Amino acid sequence: MTEQSKSPAFTRYHALGVLFATTLIAAPLAVASAAGGGGGGGGGGGSAPSASAQRYDPAEEYRSGITALDAGNYDAAIRHFKRVTRVARRNADAQYLLGISHLRSGDPRRARRPLEAATRNAPEMIIAHRDLAITYTQLERDDDAREVLDQLNVRSAACGANCAEKSILDEAIAAVEGALAGNAQAMIGVDTARLANASSADALYYQAVGLINEGEYAAALMRLDEAALAFGPHPDILTYQGFANRKLSQFHVAEAYYNRALTIAPHHLGALEYYGELKVERGDLDGARAHLAKLEELCSFGCYEAEELRTWIDNSET
């Protein structure tokens, strides 16, 4: 089979900050998110197939939660992030920020469960492990905090001196050690002002796009994780995370991201195309054809995504 996506051609969707859509909308991702997805679902309006999603868009709720958290309106932040987790149940970013909202309201007891959920759903999220351990110390569960600290130390040792996460791990370890030593000023939470800054968040997103187009998939994933913390469960970011993991041969991880994107936006053209290509790579031609049929249904007058996936399927059969 001939490789069809050495360059994912993501710039055809994003060169001017446009989103995946049946009709491209020239707007930065942050603005489109706040507008309810900007058609990011390829005609689906960013809605998820659940009753609750008909009332609100998870990406919009997420951004509203960040704004409320940054303003110190913790009750509103908690309400917004809870709405996100009802739609995107495994979204670790929303779970993490829900926990932080409880912590900043002075309620570590209610913060524990969402922080634990964040670490389960995103084991790679260092700051979630850090803040969960600090929360344990506030609840006088020092043994649990030490267990998290041990995990961070193991990860730091495996990371080595020059890995990209080293400084973040060192800061997290120092913060947990400080909390265990009774340091009330131990690091906790995130820079919500930075998350609330749309331009700053867009910059992370565009950096990730550039890294993907350069084939720097591991570095792109780090930027995508940061962008996801700013934007929440946005189908474009989830699709990028799926694509980058796929190019790193982490197929099960890629599939999970594609499924999350399509749960939020079932008509997302990019997610349908690239998930279909993944199915071709894994020999699931029937699954790929099902994605192609969906794209043809959505693209009444034809679209690039359907043509690209059709080429993948045809090449696999020759």
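Arg289 is partly exposed in this predicted model, with a relative accessible area of 36%; here buried means under 20% relative accessible area, exposed over 50%, and partly exposed in between (1.4 Å probe, protein chains only). Its side chain meets that of Asp286 in a salt bridge (3.1 Å, N to O), a term that stands for a side-chain nitrogen of Lys or Arg within 4 Å of a carboxyl oxygen of Asp or Glu. Asp286 itself is exposed, at a relative accessible area of 60%. Helices (H or I, at least four residues) and strands (E, at least two) are DSSP runs, numbered from the N terminus.

Residues are numbered from 1 along each chain as its sequence is written, and side-chain values use heavy atoms, with hydrogens and water left out. Because the model is predicted, local features need pLDDT of at least 70 and side-chain atom pairs count only at pLDDT 80 or more, while totals for chains, interfaces and linings use all residues.

What is the setting of Arg112 and Glu116, buried or exposed? Both residues are buried. Their side chains are joined by a salt bridge of 3.0 Å, N to O, and both lie in helix H6 (residues 108-121), four residues apart, or about one turn of the helix. In total, the structure holds 16 salt bridges. Some of these contacts go beyond a simple pair: Arg246, Glu277 and Glu281 are linked in a network of salt bridges.

Attention now turns to the nonpolar interior. A nonpolar core is a set of buried Ala, Val, Leu, Ile, Met, Phe, Trp, Tyr and Cys residues joined through side-chain atoms within 4.5 Å. The largest such core has 82 residues, of which Tyr62, Phe81, Tyr96, Leu97, Leu152 and Leu229 touch the most other members. Helix H12 (residues 217-231) supplies the largest share of this core, with nine residues. Leu97 is in contact (heavy atoms within 4.5 Å) with Tyr62, Ile66, Leu69, Phe81, Val190, Leu195 and Leu229, leaving aside residues up to four places away in sequence.
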